[in-house]
Amino acid sequence: MRRLTRRQRISAIALAVIAICFVTLDDAGGGLRNAHGGVRGAMGALYRSTDSVLGPTRRFVQGIPDVGSSRAEIDKLRRENTDLHRQLAASQAEAKSTAELNRLQLAADAGGLTIVPAKLIAFGPGEGFDWTATLDVGAGSGVAVDQTVTDGSAVVGRIIHVDSSSSVVLLAADPGSGIGVRDTRTGQLAVATGAGTAGFTLVPLDPSADLKVGDQLQTGPAGQSTYAAGLLVGTVIAVRASGDGTTQAALRAATSPTALDLVGVILHGGPNSAPRAVITPSGAEPATSPSAGAAQSAGHR
Amino acid sequence: MTVRRAVAALAAVVSAMIVQAGLVVPLAGHIPVSLPAILVAAVALATGPSTGIALGFTAGLLADLASQHPAGVLALCWLGLGVGAGLLAEHTTKRRAIIAGALAALSTFAAGLLLAALGPYGTPAMDCIRYAGPAAIGDVAVALALTPIVQAMLRSPALRARPAVRRA
């Protein structure tokens, strides 16, 4: 083994003494704090600037032992992701159904109607019409021919065929469907004929009827139409006067026939079926109609 | 030592510290493998004690100042590493990498014990002892890759030491 020269020995001893001095100085009172800070700052900047190169290498090497488990983890996360997507879609569909059910409930409460909710399970031509839909409720649920189908606020169509557990609706949009309607502004009666996705064509019973763009049309009159009264049909978007003096209007449908999902079949009820009070001269004792009185006395018995 | 060699040595030490912090420490975990110490040992084994003393002290002091513990600990240990490796320079042509790794592990072990003795700066003394074996294996493994590169660089014409000129 070679030996240190005298000069090397002195250098080594001197540097060792300096190092021990540094240790004592720094450990006792932090006398080299500024030097620490300066070097750490410079080295920190270098670490950060080189991490773009060293970082990917480090992560690659660190990931090698976990390749197998990472693949399993990725598969697990993918499955979870698919499940979450499915749950999200189901949740959105559920929220839509809930909103539709709420609307039907509101319609039942407001109009005194008995409504059975139904899901649309088929759509297309049938029973000799172009626009029909099949519902998942039938005679078993009290559904009968000519009952009105609504989405809660607007008319959808009427039942034209009933089986034990399904029924067929003639949609109001069908060109063969005519609905007796009343203008909510003027009270004028008219007939709205389906025009597919374009809405309805409206012909007033009075050729000189006052129709304006923006007028709303409801089913009616009560008791005189196949449809339950008071359901929205559409809004006038154009009025056209023919040369022979007759007036026609185009209606935008209140509900889209191609976006139906949950609907309600109105079994019975509505303005025409409820017993009502009679109008008497002011100051006289209010009285009920004979039928209501009979119903009351039947209840007492 | 020429200016060119000094600059190259400083660049090598700084590079080793960057790779140590960015790659070696995260990958080695608790095992205290030290790339700058291996560099000091490899250079000292190739060039002798003078370079070993200078490089060991400088690199150690720089590493001390860049860390949390008191300055001088690594300077002292790597100074000893430079002296020890420099003294073995002429006798270890074939097994330089293994000796460089072993000496680096020894200096790291000594530094660990010294820091443990000084207070709550480094790992506890028991951990230094527990990880001494794996650290030696790690240091030798790294030295096997690093030593040939250091030797090749030191043999390059740009960094070769000039022969001393004697006056007549």
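I began with the range of the contacts in chain A. Of those with a separation of 6 or more, 55% join residues 24 or more positions apart. I note that the model is predicted.

Next I looked up burial. Chain A has 301 residues, and 26% of them count as buried.

I then went through the secondary structure. For chain A I have 4 helices and 12 strands.

Which strands close into a barrel, and in what order? I find 6 strands of chain A in the closed arrangement, running β6-β7-β8-β11-β10-β9. The pairing in this barrel is antiparallel.

I picked one pair from the barrel order, β11-β10. Strand β10 of chain A covers residues 232–241, and strand β11 of chain A covers residues 247–253. I count 7 bridges between them, in the antiparallel sense.

Last, I turned to the contact between the chains. Chain A puts in 29 residues, and chain B also puts in 29 residues. On the side of chain A that touches chain B, the elements giving two or more residues are α1 (6–29) and α2 (33–63) of chain A. Which element gives the most to this side of chain A? I find that α2(A) does, with 14 residues. By residue class, I have 17 nonpolar, 6 polar and 6 charged residues on the side of chain A that touches chain B.

Technical notes:
Residues numbered from 1 in each chain as written. Chains lettered and ligands numbered in written order. Predicted model: local features only at pLDDT ≥ 70, side-chain atom pairs only at ≥ 80, totals over all residues. Pairing = 2+ DSSP bridges. Buried ≥ 20, exposed ≤ 12 C-beta atoms within 10 Å, placed from the backbone. Contact = placed C-beta atoms within 7 Å. Nonpolar A, V, L, I, M, F, W, Y, C, P; charged D, E, K, R; others polar.
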